Amino acid sequence: MENAEFLERPHRRFNRLTGEWVLVSPHRAKRPWSGLNEEPEKGKASQYDPDCYLCPGNVRAEGADNPQYTSTFVFTNDFAALLPEDGTGSASDSDDLLRAEPESGICRVICYSPRHDLTVARMSQEMVLAIVDTWQREYAELGARSDINHVQIFENRGLIMGCSNPHPHGQIWANQTIPTLPAAEDCQQRNYLREKGKCLLCSYLERELTEGERILFANDSFVALVPYWAVWPFETMILPRHHRSSINNLTLTEKNDLAEMMIRLGICYDNLFLSSFPYSMGLHQQPTDGGDHPHWHWHMHYLPPLLRSQTVRKHMVGYELLAMPQRDITPESAAERLRGLSVRHYTEKIA
């Protein structure tokens, strides 16, 4: 691979999954910081919050009553970005410069646990396995609909990620069309299989396991790593060792292994800056359009914004918004920091 001197100088890396480039500027990590320091989240949450619209038995913003749920709980988003009604018509000018099309879909919320004070990093493996089971059911149910061609499962964790409620939860937005980023990954994986005769992510994971420097940890079914083309400072991926197009192909053993990986990565993140680590996480899986997708290798993206501490975040501004993504610390140095952290959550008391 590249020599150490090369990696310490400005260079760009190609994102095999999206077909885009990212600028890496390692020397900028040494610059002094006098910019904004985000306020850390304060206070310790209780197991139940009477004012929380996601806690069991409480009333949601639109007036619906939550059941006294004891595991996961799924409901249609009260403020959905997509609506299931079939759209009709379109809007465009004679030159096709101004174009709009209807877009229908379904948005759901998944409460991960009745406990208001938990995050995935603090949950038991059994609790996280229940989340994975729920993901499977929702992906199968929504994906089976003729009006749904893509199911996006994701989680926004933390106030600075725009999360409107600290109760542990994720979301599903199921679209009539395939959104931009999954469509780009679909194209790249399809082209790689056609040109190379093998799966892109199977080949990529084999290379990463051989080199080892961006690997965080692994079990029999999954590998957690910092991708070679990572944009965010401590961006990671969870990759299945076995070629699977979606989570609905997972065995019980693989589901348990996935729950273990999610908990361990959550602990790893929290231990980095001794805080409840914010991130956006999402699963990318094959489209549900009824087509044949042998090129698809499902995976999970974790995109956290923190850069230097729990109060200093990475902003996409200026060059990143107008030219191309850019990062200061190399993926290799980020992996080294994350890999060296304790597997015990920092809040646990050591006997």
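Predicted model: local features only at pLDDT ≥ 70, side-chain atom pairs only at ≥ 80, totals over all residues.

A: The general idea: in soluble globular proteins, nonpolar side chains tend to be buried together. Here the largest nonpolar core has 51 residues, and those with the most contacts inside it are Trp 135, Ile 238, Leu 258, Met 262, Met 300 and Tyr 302. Helix H5 gives the most to this core, with 11 residues. Apart from it lies another core of 14 residues, including Leu 17, Leu 200, Tyr 204 and Tyr 228.

Q: Which residues is Trp 135 in contact with, beyond its neighbours within four places in sequence?

A: Its partners are Ile 110, Tyr 112, Ile 153, Ile 247, Met 262, Met 281, Leu 283 and Met 300.

Q: How should I read the packing of two helices?

A: Two packed helices are described by the angle between their axes and the distance between the axes. Take H2 (residues 125–143) and H5 (residues 252–273): their axes come within 9 Å and cross at roughly 115°. The crossing is right-handed. From H2, residues including Val 128, Val 132 and Trp 135 meet a set in H5 that includes Leu 258, Met 262 and Ile 263. By class, this contact has eight nonpolar, three polar and three charged residues.

Q: Is Asn 248 buried, partly exposed or exposed?

A: Asn 248 counts as partly exposed because its relative accessibility is 31%, and the cut-offs are under 20% for buried and over 50% for exposed. You will find Asn 248 in the loop between strand E11 (236–240) and H5. Not counting residues up to four places away in sequence, Asn 248 touches Gln 136, Tyr 139 and Ala 140.

How values were computed: Residues numbered from 1 in each chain as written. Heavy atoms only, no water. Axes fitted to C-alpha atoms, helices over the stretch in contact; angles between N-to-C directions. Helix = DSSP H or I, 4+ residues; strand = E, 2+ residues; numbered from the N terminus. Left-handed = near helix turned anticlockwise from the far one by under 90°. Contact = heavy atoms within 4.5 Å. Nonpolar A, V, L, I, M, F, W, Y, C, P; charged D, E, K, R; others polar. Core = buried A, V, L, I, M, F, W, Y, C linked by side-chain atoms within 4.5 Å. Buried < 20%, exposed > 50% of the residue type's maximum accessible area, 1.4 Å probe, protein only.
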